[in-house]
Amino acid sequence: MHPTLERLLTDKPVIIDGAWGTQFQLLGLGSGESPDLWNLSHPDRVLKVAKGYVDAGSQVIISNTFGSNRYTLQKAGGDPDQVFEINKAGAAISRQACEGTDCLVFASMGPSGEILMMGQVTEDDLFEAFKVQAEGLAAGGADGIVIETMSCPTEASAAVRAAKTTGLPVVASMTFDSGKNKDRTMMGATPEKAAKALLAAGADILGSNCGKGIEGFIPVCQRLHDASGLPVWIKANRGLPEIVDGVATYSQTPEQFASFAPALVAAGAGFLGGCCGTDPSVIAALVEWKKGNRQ
Ligand SMILES: [Zn+2]
């Protein structure tokens, strides 16, 4: 195992961070606007979100670079020639937020939004695009890379291979939000199928994020653990949102969210955090649970 992961996992479960997008909305991000462009235009706001999670007790935070590949950036009105710069800035802001703490940065890479099966791009195109992104993240001081919210194992594998060229540890996290048991990706991949592809591509850790509430992650976590023999990275949504006045509202309390932590750890989770709807209060509840768990 990569020495960075080995060191982190001596203090299991590693508490990671929560959602970033909703935090940006609170700071004025308009719907449809790309938060990633803020790495250059409003670094102070990005730092505030990152620091919120460091202060809540996260041992690992991501970076504001989920959509900073050339395809997603371009669709959001960004300049695809700025991929390296935006990623470098995003990782550096998260690093700055961790200053004076032991918190590490596992910088974020999300899907391209292009569909391989439709022939919109080739695997080589994706590899090249993700490689520039990963190089920017490494230059900004990332301690690791997390490839997240992926639904296509082939795209995720291209991202893993690209991220691995930096020498950093790589987490590959898929979204299982489809099928009757919500145990398939949108593209129909099961945890076992995804695990096989991602491990072959060189992923150091497998994970799952987004797509459903925390309870539904328990069986998926177990299956990823069984398929890999590794501690699993889990970032669950805060229950199911209700739409109130056109805004997604999450009613699960931080304590309710954290009450599922023991079952996830029993199912092989080595990293625990939140996705949509979670905020620093949810992470603080996980930290509190972990402290109590140790006494
Ligand atoms: Zn999410």
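**Starting inside**

Guide: Start with strand β3, which is mostly covered: six of its six residues are buried. This is a predicted model, in which local features need pLDDT of at least 70, side-chain atom pairs count only at pLDDT 80 or more, and totals for chains, interfaces and linings use all residues. Residues are numbered from 1 along each chain as its sequence is written.

Visitor: What counts as buried, exposed or partly exposed?

Guide: A residue is buried if 20 or more other C-beta atoms lie within 10 Å of its own, exposed if 12 or fewer, and partly exposed in between; C-beta atoms are placed from the backbone. In β3, Leu104, Phe106 and Ser108 are buried on one side. Val105, Ala107 and Met109 are buried on the other. Now take Leu29, which is partly exposed because 18 other C-beta atoms lie within 10 Å.

Visitor: Where is Leu29?

Guide: Look in the loop between α2 (21-26) and α3 (38-41). Helices (H or I, at least four residues) and strands (E, at least two) are DSSP runs, numbered from the N terminus. The chain has 13 helices and ten strands.

Visitor: Which residues is Leu29 in contact with, leaving aside its neighbours within four places in sequence?

Guide: Two residues are in contact if their C-beta atoms, placed from the backbone, lie within 7 Å. With those neighbours left aside, Leu29 is in contact with Phe24 and Pro35.

Visitor: How do strands pair, and in what order do they form the open sheet?

Guide: Two strands pair if DSSP finds at least two bridges between them. Here eight strands form an open sheet in the order β1-β10-β7-β6-β5-β4-β3-β2, with parallel pairing. The edge strands, β1 (14-15) and β2 (60-61), each pair on one side only.

Visitor: How many bridges join β3 and β4?

Guide: Four, in the parallel sense. Met109 has Ile147 in β4 as its bridge partner. Ile147 also stands opposite Ala172 in β5. β2 and β3 pair over two bridges, and there Ile61 stands opposite Val105.

Visitor: Which helices lie across β3?

Guide: Angles run from 0 to 180 degrees between N-to-C directions, and axes are lines fitted to C-alpha atoms, for helices over the stretch in contact. α6 lies across β2 and β3, at about 155° to β3. α7 (residues 123-139) lies across β3 and β4, at about 160° to β3.

Visitor: What span should helix α4 have?

Guide: The expected span is 1.5 Å times one less than the number of residues. α4 (residues 43-56) has 14 residues, so it should span 20 Å; its end C-alpha atoms are 20 Å apart, which agrees. Next comes Gly57, whose phi is positive, near 110°.
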